Amino acid sequence: MSDVYAPLRLENQLCFPLYAASRALIRKYHPILSALDLTYTQYLALMVLWASDGLSVKDLGAQLYLDSGTLTPLLKSMEQKGLIVRRRSESDERCVTVSLTEAGWAMRDKALSVPAQVGRCIKLDGAEAMELYTLLYKLLGELNGGEDAQ
């Protein structure tokens, strides 16, 4: 006899271990980033800007999968900390560009040890970590309409 309610069991949901693992991993970041006076989302935004400074708010949001309602207060907080500046484009006032300040660039050196510190909390070997990374980006791409998520 089959259980018609089996699809509603928590252990049968792909979303739940993704959600729980994400929350647990972000909790590992918290004390490390707190020492730098950064939130996890601010750290993500900085990583994007360190790789490609001077992005539009729209492009930054697209890379972080954040909407403007979430991104605007994040950027305001980062600007108040002196990590970034936001400037309206002279050619198109609707476009706002986000650029790192000297303090934002200096934070890169301070954050250099963060990946290794968090990595020590994850008990996956290199192949397992790469497989998980690949599968998660594949899933992310599929969930976003087949776009390349990397």
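1. On helix H2, the buried residues (under 20% relative accessible area, with exposed over 50% and partly exposed in between, using a 1.4 Å probe and protein chains only) are Gln42, Tyr43, Ala45, Leu46, Val48, Leu49 and Trp50. Bear in mind that this is a predicted model, where local features need pLDDT of at least 70, side-chain atom pairs count only at pLDDT 80 or more, and totals for chains, interfaces and linings use all residues. Residues are numbered from 1 along each chain as its sequence is written, and side-chain values use heavy atoms, with hydrogens and water left out.

2. The length of H2 checks out: its twelve residues, 40-51, should span 16 Å at 1.5 Å a residue, and the end C-alpha atoms sit 17 Å apart, which agrees. The expected span here is 1.5 Å times one less than the number of residues. Helices (H or I, at least four residues) and strands (E, at least two) are DSSP runs, numbered from the N terminus.

3. There are four salt bridges, each a side-chain nitrogen of Lys or Arg within 4 Å of a carboxyl oxygen of Asp or Glu. One of them pairs Arg9 with Asp3 at 2.2 Å, N to O. Arg9 is partly exposed at 37%, and Asp3 is partly exposed at 35%.

4. Lys81 and Asp37 also form a salt bridge, at 3.7 Å, N to O. Lys81 is in the loop between helix H4 (68-80) and strand E2 (84-88) and Asp37 in the loop between helix H1 (15-34) and H2, so the pair ties together parts 44 residues apart in sequence. Lys81 is partly exposed, at 32%.

5. Arg86 and Glu79 make another salt bridge, at 2.9 Å, N to O. Arg86 is partly exposed at 29%, and Glu79 is partly exposed at 28%.
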